[in-house]
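Here are my notes on the model, point by point. Please read them with the structure open.

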Amino acid sequence: MALSSSYSPAADRVRQDNAASPTLSASSALPSLDAVLRQWLHYGLRLASVAVCLLLWQWASTVHLNLGLITFQNVPSPKEVLQAAWTLAQSPKLLSHLSASLYRVFAGFVVAALAGIVLGMLIGRMRWLADVLLPPLELLRPIPAVAWIPLSILMFPSSEISMIYITFIGALFPILLNTIHGVEGVDARLIASARSLGSGRRAIFIEVILPAAAPSIVTGLSIGMGTAWFCLVTAEMIAGQFGIGYYTWASYTIQNYADIIVGMLFIGVMGMGSSALIKKLGGLLMPWYLLQR
């Protein structure tokens, strides 16, 4: 009787579910075949698009395609570019070029990230500060990086600081504007709820506004990193002995066409890798955003 009175169908079902849950959780953790195939298709399409571009480039440069507005008569083929890249890879100057460009880009980007995020957070929350700072910033924003070269030479005695300043200007405005838009887009109900729970201004700023604006800030950082690499050639036109941008510009002046494309590809690969790194770090710092997506 004691055994029969202690038996419960509901409790038995709970015990069965608990016994089966490790197996279910382990099987659900494994990716399905359909998901693996979709992932392979995703990467396959990307590789195929690059391969198609290379084939079209090879064909246009081989037949010396001339469409009137655009011509490939003097454009080197992928094979020539690959040979020039191999020659540069064997040169001891490659490390000097890469280290100089990486230092200039990341130095300007870090300063731009700090300034853009701090100013963007303040401007997005304080109307009077937006009225004071946004008009001059919006006036400076459309000025291209190449137009800053004469002024940067006059402002900074060191050519190295001048080049860092050009990359800083290129990265600043995407970070600043995305931060402002992210802060202004924070749901007012979140802020009101935090205030009703007794949170102070500092706690609201750090624990509510910053996490809510973080996706927009990361987007601005990714765009700013790409723009910093975009401005690298302009920055290294000022002066210098080393740098991928300088190498690209010097190749143009002496008409080494294959080396020009090699420099362009180096800038593209490093810019793409840097932007991907920013997005990856942002995803690790924003697990809630990945779950929402």
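1. Glu-160 counts as partly exposed, at 25% relative accessibility. Buried means under 20% relative accessible area, exposed over 50%, and partly exposed in between (1.4 Å probe, protein chains only). Helices (H or I, at least four residues) and strands (E, at least two) are DSSP runs, numbered from the N terminus.

2. On provenance: this is a predicted model, where local features need pLDDT of at least 70, side-chain atom pairs count only at pLDDT 80 or more, and totals for chains, interfaces and linings use all residues. Residues are numbered from 1 along each chain as its sequence is written, and side-chain values use heavy atoms, with hydrogens and water left out.

3. The structure holds five salt bridges. The term means a side-chain nitrogen of Lys or Arg within 4 Å of a carboxyl oxygen of Asp or Glu. Arg-104, Glu-160 and Glu-236 form a linked network of them. Glu-160 meets Arg-104 at 2.9 Å, N to O. Glu-160 lies in helix α8 and Arg-104 in helix α5 (residues 93-125), so this pair ties together parts 56 residues apart in sequence. For Glu-236 and Arg-104, the closest N and O atoms are 2.7 Å apart. Arg-104 is buried at 5% relative accessibility. Glu-236 is buried too, at 1%.

4. Another salt bridge joins Asp-187 and Arg-189, with closest N and O atoms 2.9 Å apart. Asp-187 is partly exposed, at 31%. Arg-189 is exposed, at 62%.

5. Of the 26 residues, 21 are buried, so α8 is largely enclosed by the rest of the structure. α8 bends by about 30 degrees at Leu-172, and Pro-174 follows within four residues. The bend is the angle between axes fitted to the seven residues ending there and the seven starting there.

6. Ser-275 is found in helix α13 (residues 257-285). Ser-275 is buried, with a relative accessible area of 13%. Ser-275 touches Ser-222, Met-225 and Gly-226, not counting residues up to four places away in sequence. Contact here means heavy atoms within 4.5 Å.

7. Overall, the chain comes to 14 helices and zero strands. Buried residues make up 34% of its 293 residues.
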